[in-house]
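Biologist: I would like to go through the labels on this structure one by one. For each, please set the value against the rule behind the label.

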Number of protein chains: 2
Amino acid sequence: MIEPMSILIKNATIITQNKNRDVFNGSLFIDDQFINEISKNTISVEADVEIDASGQIVIPGLINTHTHLPMTLLRGYGDDMGLSEWLQTRIWPVESKLSSSSVKVGAQLGLLEMMKSGTTTFFDMYFFEDEIAQVVKKMGFRAVLGFAFIDHGTPQYPAEKLFPHAKRFIKQWNKDDRIIPGLAPHGTYTCGPDTLQKVRNLADQYHVLIQIHCAETRDEVYDVKQQYGKRPIAQLKEFGLLDSDVVLAHCGWITKNEINEMKKTDVNVSHCPVSNMKIATGGFAPIPEMINAHVCVSLGTDGAASNNTLDMFETMKFTALLHKQHRWDSKVLPAQTVFDFATLGGAQALGLQNKIGSLEEGKLADVVIVDFNIPRLTPCHDPISHLVYAASGSDVRTTIVHGNPLVLDNKVQIIDEQQVLTNAQEEAKVLTNS
Amino acid sequence: MIEPMSILIKNATIITQNKNRDVFNGSLFIDDQFINEISKNTISVEADVEIDASGQIVIPGLINTHTHLPMTLLRGYGDDMGLSEWLQTRIWPVESKLSSSSVKVGAQLGLLEMMKSGTTTFFDMYFFEDEIAQVVKKMGFRAVLGFAFIDHGTPQYPAEKLFPHAKRFIKQWNKDDRIIPGLAPHGTYTCGPDTLQKVRNLADQYHVLIQIHCAETRDEVYDVKQQYGKRPIAQLKEFGLLDSDVVLAHCGWITKNEINEMKKTDVNVSHCPVSNMKIATGGFAPIPEMINAHVCVSLGTDGAASNNTLDMFETMKFTALLHKQHRWDSKVLPAQTVFDFATLGGAQALGLQNKIGSLEEGKLADVVIVDFNIPRLTPCHDPISHLVYAASGSDVRTTIVHGNPLVLDNKVQIIDEQQVLTNAQEEAKVLTNS
């Protein structure tokens, strides 16, 4: 149950991620959905919940800007395969069998994994976003939910019904305090000019965010070039999909010229290194050049089917290390930069920079507590280093979203965890006939 | 305290890693230090300890073939720096201050981290191996401990005292049941012909293993070439250090011709992708070609100072993904192959293939239990996939070494964990003046 409450976190090391990146020992007081006070001193207040965070680190909730939530049911179902074989023999056959109930269980499982590993907000792209929204609402999470478009229709709707349902979906959720409806045209190779233009118009009409796969694989870039005579970034630009309300997932095969185009428009990037490496896309998103051009970079796990986790701590480590190795330069993407991607970058990509992404008075209370009093995080010379290079999502102990403690000292408060795990295992068996 | 006991693990999913890679539900009975019985049926026996492993996965303990154990104290002390700046301003100044007591605390911390993340055996290279051996012995771990050689002396001994002390160290531990003394000439650029030859002679005299850094960086290869007119592999070959009793750490800058030389001699490789990527060595160890040539590949974390964990699950995921991305081929290094590296490969590299590396009757009882009844490991389509692509070391619940439960249901049995964490934090402060 989600009810307004107050929470006092004391004796904590607080990683604020404010403008000065202040880190200090102190207390944090949450009243209803807001961070009411942060102080280096004791805060004398009676709270409904009191958390002694000695030996623990308090951080802003992590923000995962590219997911396909119900695909959590397909974690580990078809690894080590070529992309097209994997899609054709594993993913698409299962997706054709998706039902409201399987989507619901997959969403519950994905949310459980995220809340237990320190994520508090995500930007999803999938079918059945109605069902996903219901689950997100009930489980107290924050999300932008991208209603998916594919020219030839989705497993849920035939092509001609997509826009009417998208409009209905937006209207239904547009006033919610935690769920933000969005639009998710699948990609430039699966959505033609007509769809892209209509998505732009609908987004303008209702002021909602857009997410789209962009230049994930080299094949995709060549396909788009062959079909439309231009690369994906140019194609997106033509239909107004390079803009500050758009998140481009992957961007693995992006040129320096394209980065210049991206900068001019303040479009946002969701970098997904784990999925890119596992699927072996070959592309290395030119993140250092994006930073230099002041393009907003955020991080995504992609779906658990191609990752195989939703662990943003793991994604932070892969991000830093992939680019160091690629550039032969250990100074590339230092820990603070990567931690910024997962917090401030995510917030900005979702247009929520005034509401989440840092621990500051007046912001929404999306707060995560990581247990640093364990061998793998001892000693602590620098907490930011540990968050990026040593912590696992499994080291998270407490997760608060919108002022509600969803996980307290590793115990899920919001749903019967064991029941979800059992349901997920059963539903996965049905979907895969295994 | 370490006393002979019996342990019955029941209701488990057992990943045997035997020749057929059998995976089945059943029971495993440990009597004293050996695996006495593995069965698909109930084993009717009274045991000192009974573990109900429902929802859990039982695997052979992981084997980490390249560590610098006391450097766990330097986890996160100097990230995102160039290699020589890092060594000169961070690592070497601290190492010059090392004492018996700091080494002891660092070793305790490293062992705690390893036992809590599923490792049961490691091959170390460091100074003060006497102190390390005492700690390993007391904490019930299994290790090959490589006494380090550097031509200009180590922080512990001047050059002329290294060989006498190495000999003494070998004699002292040569008959131990869990500690195996070894020799660790640091590298071909830090150990000249005389040292390499003497190490070979000493190893032959006492039949002990050798570990050496090899072709970690491109600079190192050029240095050796300039100094000796040949690349590191040829230099090692000349002094008999390409042989089945040698583990080469890193091998990031190895040519195909060198792989042929390696195969001829059955030398073993310790692949350390996380450290290589973090230090940005640029090299990609040609692991697929090594497999084709039947070179024995094992995995190492390297020291926590350059990783920054000792988590072998993380190293498995990095191994698989790094090479998939590098080759643009998601079929490269499938999960089973990488899990083999961390178990059977490690055992073979240490010459212990008849004793550890798989769960088979008569082998030593190095057994790890991973909790699969958690969101990030649900559903389970394939346990091997989860072990490599989804599990974190933090998901390990129970670790048994040589028949002794060092960690039971996440509780350390062998030492006061909190005391070690406190001591490590204090010792790290002293060493780094922070």
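Modeller: Asp32(A) counts as partly exposed because its relative accessibility is 33%, where buried means under 20% relative accessible area, exposed over 50%, and partly exposed in between (1.4 Å probe, protein chains only). The model is predicted: local features need pLDDT of at least 70, side-chain atom pairs count only at pLDDT 80 or more, while totals for chains, interfaces and linings use all residues. Side-chain values use heavy atoms without hydrogens and water, residues are numbered from 1 along each chain as its sequence is written, and chains are lettered from A and ligands numbered from 1 in the order in which they are written.

Biologist: Where is the place of Asp32(A), and what is Asp32(A) in contact with, leaving aside neighbours within four places in sequence?

Modeller: Asp32(A) sits in the loop between strand E2 (23-31) and strand E3 (34-39) of chain A; helices (H or I, at least four residues) and strands (E, at least two) are DSSP runs, numbered from the N terminus. Apart from neighbours within four places in sequence, Asp32(A) is in contact with Pro4(A), Met5(A), His402(A) and Gly403(A), contact meaning heavy atoms within 4.5 Å. His402(A) is 370 residues away from Asp32(A) along the chain, yet their C-alpha atoms are separated by 7.8 Å.

Biologist: How do you know that the copies meet through the same surface?

Modeller: Of the interface residues of chain A, 100% are also interface residues in chain B, so the copies meet through the same surface. Chain A gives 70 residues to the contact and chain B gives 70 residues. The area buried between them is about 5,400 Å², with 57% from carbon and sulfur atoms; buried area is the accessible area (1.4 Å probe) that two parts lose on being put together, summed over both. Asp80(A), Gln325(A) and Arg376(A) supply 14% of the area that chain A buries against chain B, more than any other three residues.

Biologist: Why is the pair of Arg376(A) and Asp311(B) called a salt bridge?

Modeller: The closest N and O atoms of Arg376(A) and Asp311(B) are 2.9 Å apart. A salt bridge needs a side-chain nitrogen of Lys or Arg within 4 Å of a carboxyl oxygen of Asp or Glu, so the pair qualifies. Arg376(A) also forms a salt bridge with Glu314(B), at 3.9 Å from N to O. That pair crosses between chains, from helix H11 (residues 312-327) of chain B to the loop between strand E14 (367-371) and H13 of chain A. Both Glu314(B) and Arg376(A) are buried.

Biologist: Why is Ser330(A) called buried, and which backbone oxygen lies 2.3 Å from a polar atom of its side chain?

Modeller: Ser330(A) has a relative accessible area of 5%, so it is buried. The backbone oxygen is that of Met81(B). Ser330(A) lies in the loop between H11 and helix H12 (335-349) of chain A.

Terms used:
A polar contact is a pair of N or O atoms within 3.5 Å; within protein, one must be able to donate a hydrogen and the other to accept it, and residues adjacent in sequence count only if both atoms are side-chain atoms.
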